[in-house]
Amino acid sequence: MAEQDIVASQIAELLRVQPSADIVVGLPSYNNAETIGGVVRAIRQGLAQRFSDRSAVIVAVDGGSTDGTVDRIADLQREGGTPLQPVRLLGREFVVPYHGIPRKGEALHIAMQMARQTGARLCLMLSPDLVAPSSALVEQLAVPVLMDGFDLALPLYLRHKFDGAITSCIVRPLVRALYGRRVQQPMGSEYALSSALVERCLGQNVWGSDLARFGSDIWTTTQAMGGGFKICHVQLGLKSQARPAAPIDLATTLEQVLGALFEDMIQNAHVWQRVRGSLPITLVGLPGEGAAPAVSFDFRKLVESFRLGLRNLQDVWSLVLAPATLLELHRASGLPPERFTLPDRLWCRVLFDFSLGYRLRPINRSHLLAAFLPLYLGWLGAFVREMQDATDSEAERCVEELCRVYESEKPYLMSRWRSPDRFNP
Amino acid sequence: MWQNIEDTVSASLERVLGSLAGLLPSLIALLLVLLVSMLLAWMIRLVLRRALRGIKFDTRMEHWGFSAVAELSPGKSPTRLVCRIVSWSVVLLGLLVGLVAVRVRFTSQLLLHLFEYMPRLMVGLLVLFAGSLLARFAARGVLLRAVNMGIHSARIISEIVKWLLMVVAYAMALDQLGIGGDIVKIAFALFFGGVVLALALALGLGSRDAVSRAWEKQQNEPPPKEDDALRHV
């Protein structure tokens, strides 16, 4: 029997046990035996405290754990509280290194299908690697969708100024420039979706593709933005996350994030080309207290990595970057590390050129994305150098300015997207 | 005397013209076959291009991992490459058929040998082409990986990988073509063995201190944090 048929039969079995529900909680897992118990208990507690009058089901989708997570889920299934239905994805060979929970896209698909077929008004996706999560998490994410009419509630965590640089310099400004919504953390691993958004997502032909596999979090957000759904950020304070069971390197992480973003750009080109400017989104809740754990980088090493890339990867970069952009990178490389800087406009054009390169495939896409790492390290080096003595709010203002530059440079992207040969060397 | 010269010249002319007249039908047949083959090639090219574009051949080649083919193709399009190869093959075939029609003994013998040699030549060229693609692809992959790992001699490593693969491809192609016989195999074995030995010696003797320093540095440095990548997302 094919994997799809097995999953379909598993969903049919789940529906036999639980034919209807108001809330479906999707919980993907992969080697999370240590933390999944705490997360399930927090979910059950949160549902009992705030939504005791509504029926709910937790769908725990395991991607092929080998550390006893499946046994742990079976134990949790026997415990009292909100029913927990386990689903096991077959085919361990499908597990590939991933910066989130492996096979999360498949888990999201199953949770959405369950939500549609049970007639749920809310589909809540939570991460199984949260350490000692609060039971209030369910309420914080669910209330905006169930009570306030939002379609997507995204988490907004307190983070150190250097934490999540890929989000700060690539994902956040690009998504904002493309879709015109000022979302600060578009790649939340915990989020709540309305039934309308679930319906839209299920209607898209991406399930089974790399975009769904590696970029389900970004894709869900861009679907909501592109479809004009109501989005809010829920301020959740600090996030405590367990170390990943299968850590991966930065190059692979960057490749997956960029690949998902660029693929989304190609698929939604007809949507984002019509968008101008940006609108703020609603912030729900109060900013949490406490200081995020510090993240430190040596900017000299980062700048050196950029220079190494410039010395060796020019022939690859020249296939995608406009000649003027390449020239400016050369100029920046000549600066000493203590004065090294990459202007926002230059950085923005580098990313836009790479997105176009991804679309036109002048070289293998995997190679193209791998060639981006030294550039990213260069941006990070410049940012760390400039912001080393700044406060978190000053760093935030700097990222906000970068977002504005992305918006102002969008005509450049559109021009190149529509006439790719015009700037070709 | 003039009469003799005139007779001789006219006899020669008659012979040449007679030969030409005898060859004329064959030459016309050659031209005709060439024209038909060119027309056929053009039509096949047209149909093939439409069919390949219909099945999104360029995109499929990229998905199947043959993006390096695009780089070597005219206009970066494997569809164009396939169309050109097929159409020129048809024209070449037409030329060969036309030459047979000329019925020149030398040409026939040459064609016979050429036809016998053709499969080996094709396989040899294919090996060379595939080897070249593989070498370029692997070299770029190694270069990117090495740069991302912060290795300063990334370019040298990448060039070594490329040329080792190219040498293997050339040796295989020459072996397939039957050129050089055992000399190619022996030379290749000597070259390859020599390169490996030279690298081993260079690393063992020349770079002993550098390797030692790098090893010590690695031992003294704290291990990288495993979840560093997560901090970037």
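Modeller: From the N terminus on, chain B runs α-α-α-α-α-α-α-α. This is a predicted model.

Colleague: How many helices and strands are there in chain B?

Modeller: Chain B has eight helices and zero strands.

Colleague: Why is B:Ser158 called buried?

Modeller: Its relative accessibility is 4%. Buried means under 20%. So B:Ser158 counts as buried.

Colleague: Where does B:Ser158 lie, and which residues does B:Ser158 touch?

Modeller: B:Ser158 is in helix H6 of chain B, residues 154–177. Leaving aside residues up to four places away in sequence, B:Ser158 touches B:Ala139, B:Val142 and B:Leu143.

Colleague: What share of chain B counts as buried?

Modeller: The figure is 23% of the 233 residues of chain B.

Colleague: And B:Arg53, why is B:Arg53 called exposed?

Modeller: B:Arg53 has a relative accessible area of 55%. Exposed means over 50%. Therefore B:Arg53 counts as exposed. B:Arg53 sits in helix H1 of chain B.

Colleague: What makes the patch on the surface positive?

Modeller: B:Arg49, B:Arg50, B:Arg53, B:Arg80 and B:Arg84 gather there. Arg counts as positive, so this is a patch of positive charge.

Colleague: Which helices of chain B each supply at least two residues of the positive patch?

Modeller: Helix H1 (2–54) and helix H4 (78–102) do. H1(B) gives the most, with three residues.

Colleague: What is the accessible surface of chain B?

Modeller: It comes to about 16,200 Å². Carbon and sulfur atoms account for 70% of that surface.

Definitions and conventions: Residues are numbered from 1 along each chain as its sequence is written. Chains are lettered from A and ligands numbered from 1 in the order in which they are written. This is a predicted model: local features need pLDDT of at least 70, side-chain atom pairs count only at pLDDT 80 or more; totals for chains, interfaces and linings use all residues. Side-chain values use heavy atoms; hydrogens and water are left out. Patches are made of residues with over 30% relative accessible area and no salt bridge: like charges are joined within 9 Å, nonpolar side chains (Val, Leu, Ile, Met, Phe, Trp, Tyr) within 5 Å. Accessible areas come from the Shrake-Rupley method with a 1.4 Å probe; for residues, only the protein chains shown count as cover. A salt bridge is a side-chain nitrogen of Lys or Arg within 4 Å of a carboxyl oxygen of Asp or Glu. The place of a charge is taken as NZ of Lys, CZ of Arg, CG of Asp or CD of Glu. Helices (H or I, at least four residues) and strands (E, at least two) are DSSP runs, numbered from the N terminus. Buried means under 20% relative accessible area, exposed over 50%, partly exposed in between (1.4 Å probe, protein chains only). Contact means heavy atoms within 4.5 Å.
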